[in-house]
Amino acid sequence: QFRLMSVPLPSWASKQVVDGSEGGNNDGGDILDVSIDRKEDYSETAAFQNYDDAAAIRLRRSLHPPNLPSIRRSMIRTVFILLDLSQCMSAPSTHLAPNMFATVKLTLINWLRDFLNLNPCSSIAIIYSNNSGSTLLSDLTSSLPLLLNKLSTLKQSQCEGSCNLRAMLSTVSGIIPCLNGYSLPEIVLFYGGIHIQQGLGKVQDNIVNTSLNIFSLESEIYALRNLTTMTNPSNYFVPMSRTHLSSQLKNLLLPPTCSTLKPQMVEYGFPTLKNSPCPQLTHSDTGAPTFTNSFFSCPKCSTLTSSIPSTCKTCSLVLINVTDLSKGYRSIHPINQFKEIKPSTPCTACGELEEVMVTCEKCGSDFCWMCDEVMHDYIHNCPGCLLEK
């Protein structure tokens, strides 16, 4: 076995045009309250052990998208996650220690939190394959607790037999015709083998109008790389380590390119949280109806649901919190990149003076590199520019 070097492709390297709202440079707006585990998010500089600290920070900043003109991106995304649970996934691995199954599961859990935080209006389905079969683990849902609960049920002992890629793609192609017409289906495949046992046949013709992202966990496979050439946009990754895998997955947080879809008006409902002294029967996307004292009422048909975001079981109205909708809107409007300067004044946000400091060319505020990443990856606003307004 041998491995081929793959460099993480920045998310701005491909075109960024999809249906939805006009995106581009952000001119302001409310700062969103986003809780971030700084230790977890910024302790990955060990991935650049061949560089000193300053060089590693500059390398991380180079992966940020440059200043782009006004573009369109989709706020509503439909993602299918395909997992290879064949026998090779449980074998010991040196680059994805302790094994590929444990690494992919942990990395995927962290990525789901970031994805639904930035894309709260999107839906995700999880499909896995073992023993030459295909199983739908979770149907399309926007509920993070449900997705995490489904992933937690996957055990290493389930990694048996071989992976049937054609069966998983057939499952996806059977769901796609039932989707709405205002989102581009996206497929994220994690494949741990070094070859494909079954041919794809005519299934590959059914996924032409999708965004295909393949992660070859063991080595580059010609058949899979060739499959990505059939769809546009598409990405092919060969992760070299756990940190490398996380970095590559981060590129999928932004919506893909699609010039075929046109902007459409989508009806949303903004229910309010209500409390009742008597338990009420409520519906939810997370499972069967339950009795609860706190619930949301659909503004269209008054059907009760226990959590949002969700879809009303009676009128099919999408129920969402207005702050989540604002969060999704801000996530597709990147702010301009800050210019690196010589460290002289403390950071405007946290008061620290770091070796790498940057400045906003609009308001002149100076920030450290950590606050720079938080503003570009999570807040999507410059505090200095907001204070001036």
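## The loop between β6 and β7

V208 lies in the loop between β6 and β7; helices (H or I, at least four residues) and strands (E, at least two) are DSSP runs, numbered from the N terminus. This is a predicted model, in which local features need pLDDT of at least 70 and side-chain atom pairs count only at pLDDT 80 or more, while totals for chains, interfaces and linings use all residues. Residues are numbered from 1 along each chain as its sequence is written, and side-chain values use heavy atoms, with hydrogens and water left out.

V208 has a relative accessible area of 34% and is therefore partly exposed. Buried means under 20% relative accessible area, exposed means over 50%, and partly exposed is in between (1.4 Å probe, protein chains only). With neighbours within four places in sequence left aside, V208 is in contact with M230, T231 and N232; contact means heavy atoms within 4.5 Å. From V208 to P233 the separation is 25 residues in sequence and 10.0 Å in space, C-alpha to C-alpha.

## The sheet

Six strands make up an open sheet with mixed pairing, in the order β5-β4-β3-β6-β7-β8. Two strands pair if DSSP finds at least two bridges between them. From one strand to the next, the twist averages 10°.

Strands β6 (residues 185-191) and β7 (residues 211-216) are joined by six bridges in the parallel sense. I187 has L212 in β7 as its bridge partner. Helix α3 packs on the sheet and touches β3 (78-84), β4 (123-130) and β6; the direction of α3 makes about 175° with that of β3. Helix α7 also packs on the sheet, where it touches β6, β7 and β8, and its direction makes about 175° with that of β7. Axes are lines fitted to C-alpha atoms, for helices over the stretch in contact, and angles run from 0 to 180 degrees between N-to-C directions.

## Two helices in contact

The axes of α3 (residues 100-118) and α7 (residues 242-250) come within 10 Å and cross at roughly 35°. On the α3 side the contact is made by T103, V104, L106, T107 and W111, and on the α7 side by R242, L245, S246, L249 and K250. By class, this contact has five nonpolar, three polar and two charged residues. Ala, Val, Leu, Ile, Met, Phe, Trp, Tyr, Cys and Pro count as nonpolar, Asp, Glu, Lys and Arg as charged, and the others, Gly among them, as polar.

## Cysteines

The structure holds zero disulfides, a disulfide being a pair of cysteine sulfur atoms within 2.5 Å. For C88, the nearest cysteine sulfur is that of C163, 8.1 Å away. For C298, the nearest is that of C315, at 3.7 Å. C88 is partly exposed, with a relative accessible area of 28%, whereas C298 counts as buried at 1% relative accessibility.

## Backbone exceptions

Most residues other than glycine have a negative phi, and most peptide bonds are trans. A cis peptide bond joins A97 and P98, with omega about 0°; P98 is in the loop between β3 and α3. Another cis peptide bond joins I308 and P309, with omega about 5°, and P309 is in the loop between β12 (304-305) and β13 (310-311).

S132, in the loop between β4 and β5, has a positive phi of about 60°. S132 counts as partly exposed at 35% relative accessibility. S316 has a positive phi near 65° and is found in the loop between β13 and β14 (318-319). At 54% relative accessibility, S316 counts as exposed.
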